[in-house]
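Subject: Structure handover

Hi,

Here is the structure we talked about. Please open it first; my notes follow below.

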Amino acid sequence: MSIDRATVAKIASLARIQMSDEELDRMEPELNGILKWVEQLGEVDTSAVEPMTAVIPNTLRLRADVVDADPKTGGSRRDDVLANAPVAEHGFFGVPKVIE
Amino acid sequence: MTELTNLGVKEIRDGVAGGDFTAREVAESFNAAVAAAAELNAFIVTTPDHALAAADAVDAKRAKGDDLGKMGGVPIGMKDLFATQGVQTTAASHILEGFKPQYESTVSQNLWDAGAGMLGKLNLDQFAMGSSNETSYFGNVSSPWRKAGTNAAMSPGGSSGGSSAAVAARIVPAATGTDTGGSIRQPAAFTGICGIKPTYGRCSRWGVVAFASSLDQAGPMARSVEDCAIMLEAMAGFDPKDSTSLDMPVPAWEAGLNADLKGKKVGIPREYRMDGTDQEILDSWERGKEWLRDAGAEIVDVSLPHTKYALPAYYIVAPAEASSNLARYDGVRYGLRELPDGAGLQDMYAETREAGFGDEVKRRIIIGTYVLSAGFYDAYYNQAQKVRTLVARDFNEAFAQCDVILAPTTPTASFPLGENSDDPLAMYLNDVFAVPASLAGLPAMSVPGMLNSDGLPLGLQLVGRPFDEQGVLNAGLAIQQRAGFTAQPEKWW
């Protein structure tokens, strides 16, 4: 299946990537080339196959029910969390106004 | 006195412990070598003070008679995909330029705890997406190798291209790499060094910038199999902060090294003999078989019938995971923010991501978004995950007949920078031999085999059963001992 320019623009918008006309023009044939190539997967009979969910069998662990059991991933790290924010104000991330 | 920069991990560790030289002397020598090799563009930032501080700590420990650690006194290069506290971490992307993590990745912390120091953060393909180190926002990395009789800049491979170039140029004794679909093995092959991707889950992913989480694995890159074994031991280990970390003890890989392969069977996958593969690659494969036979192994034919579908499956699964992982770069919490006058939140996201991501990253996010979108999910993503099950099953069946698999690492030797950069598909095909082991989460290693007629290195790949890094390292050691690969790039930088 091939995708047209409008579809590329739609996907780019879903992925929140602004694209110029020139970029869309360049991207369309590249994406179609890649999609055409991956479509060979349709040749494989997978009717009796489960999709892979874990590459190495493993069980998900529960962490100990302790507050701040690991201080690196626990709470009370506000300044660290904000340290790289482009805009941090009053202990929060700053963003453009979202409510009129 | 021996030129310290010619020494590898084991020699430096043992020399520091034995008092042949101090850790500080080692760090100073490598700092100078790094500073003199700017033309390779292997580093995004250098951290000479980090290397010196770690070296001084090791020298102080030695003076007190304390244990120096598995990597005591060894300065290394750190791929700029690992979060390093207070040191810029970019994934070679503009979107993370200036980002200084407030925490240390588990793998890098493990290395510092083992007595290693950091010479700097190594360049890579942007977000580890690439096979030639041409997608970095911070410029291409040049391989120290050149094709005989030319001065064209050659690719060091990717994505761990800064790592491979630095190790091959002897400006670091070893470096970290990460491998999602060949990003340790392919650059190692291109530059005549060793690199191992362990079983998925051996090395913690905590603090490693995520590309495709079900595939990403860290591993060492160095100039010998022994050095890889030592460094992997220092990097690996259970980490409760990574939900896919293996809760298993780290084997003593260095102590377990044994190049005697009597009683071992080496599988040769017939589907890896593809049309169009370079004859010299096929010749190196033949020599690999002879070396392993000479080490006592029996060579057997095996079949991995879904090999040809592994790469297309990878190019659905990896971009799908990437599109999800890279959603976090939104201009709010860290990194770049583009906010045109009067723009709202949605515009800020789109403008930030437009300005921050490179073309290859955008391409993969778009592909990933498409294959996960309603109506296409089953045809693309689910089908790819089913094919992935089949690829893993192929290996499982092959390992009923053999202990380790031998194959070429790459279909060609290194190519000049720029040669494949206009054609994404041609670039993807570089990973055709590396990707199957990634999809199956298996330990896999590249070791140098020989030089081709252009004077460029060719690598041989060993793939093992899950958790059998030892079997992979041992077969690698058997090849290393017989290949006698001592070639070095002639210094031009």
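**The hairpin in chain B**

β10(B) and β11(B) form a hairpin, with five residues between the two strands. In the turn, Gly455(B) has a positive phi of about 80°. Bear in mind that this is a predicted model.

The two strands, β10(B) and β11(B) (residues 457-464), run antiparallel and are joined by seven bridges. One pair to look up: Met445(B) has Leu462(B) in β11(B) as its bridge partner.

β10(B) also pairs with β5(B), residues 194-197. That pairing is antiparallel too, with three bridges. Here Lys197(B) is bridged to Ala444(B) in β10(B).

β10(B) itself spans residues 444-451 and is mostly covered. Six of its eight residues are buried.

**The contact between the chains**

Chain A gives 41 residues to the contact and chain B gives 56. On the chain A side, the elements that give two or more residues are α1(A) (5-14) and α2(A) (21-38). The largest share, seven residues, comes from α2(A). By class, this side of chain A has 26 nonpolar, seven polar and eight charged residues.

**The two helices of chain A**

How do α1(A) and α2(A) pack, and at what angle? The angle is about 100°, with the axes 9 Å apart. Angles of 65 to 115 degrees count as roughly perpendicular, so α1(A) and α2(A) are roughly perpendicular to each other.

From α1(A), Arg5(A), Val8(A) and Ala9(A) take part; they meet Leu24(A), Met27(A), Glu28(A) and Leu31(A) of α2(A). This helix contact has five nonpolar, no polar and two charged residues.

Best wishes

Definitions and conventions:
Residues numbered from 1 in each chain as written. Chains lettered and ligands numbered in written order. Predicted model: local features only at pLDDT ≥ 70, side-chain atom pairs only at ≥ 80, totals over all residues. Contact = placed C-beta atoms within 7 Å. Helix = DSSP H or I, 4+ residues; strand = E, 2+ residues; numbered from the N terminus. Nonpolar A, V, L, I, M, F, W, Y, C, P; charged D, E, K, R; others polar. Axes fitted to C-alpha atoms, helices over the stretch in contact; angles between N-to-C directions. Parallel < 35°, antiparallel > 145°, perpendicular 65-115°, else oblique. Buried ≥ 20, exposed ≤ 12 C-beta atoms within 10 Å, placed from the backbone. Pairing = 2+ DSSP bridges.
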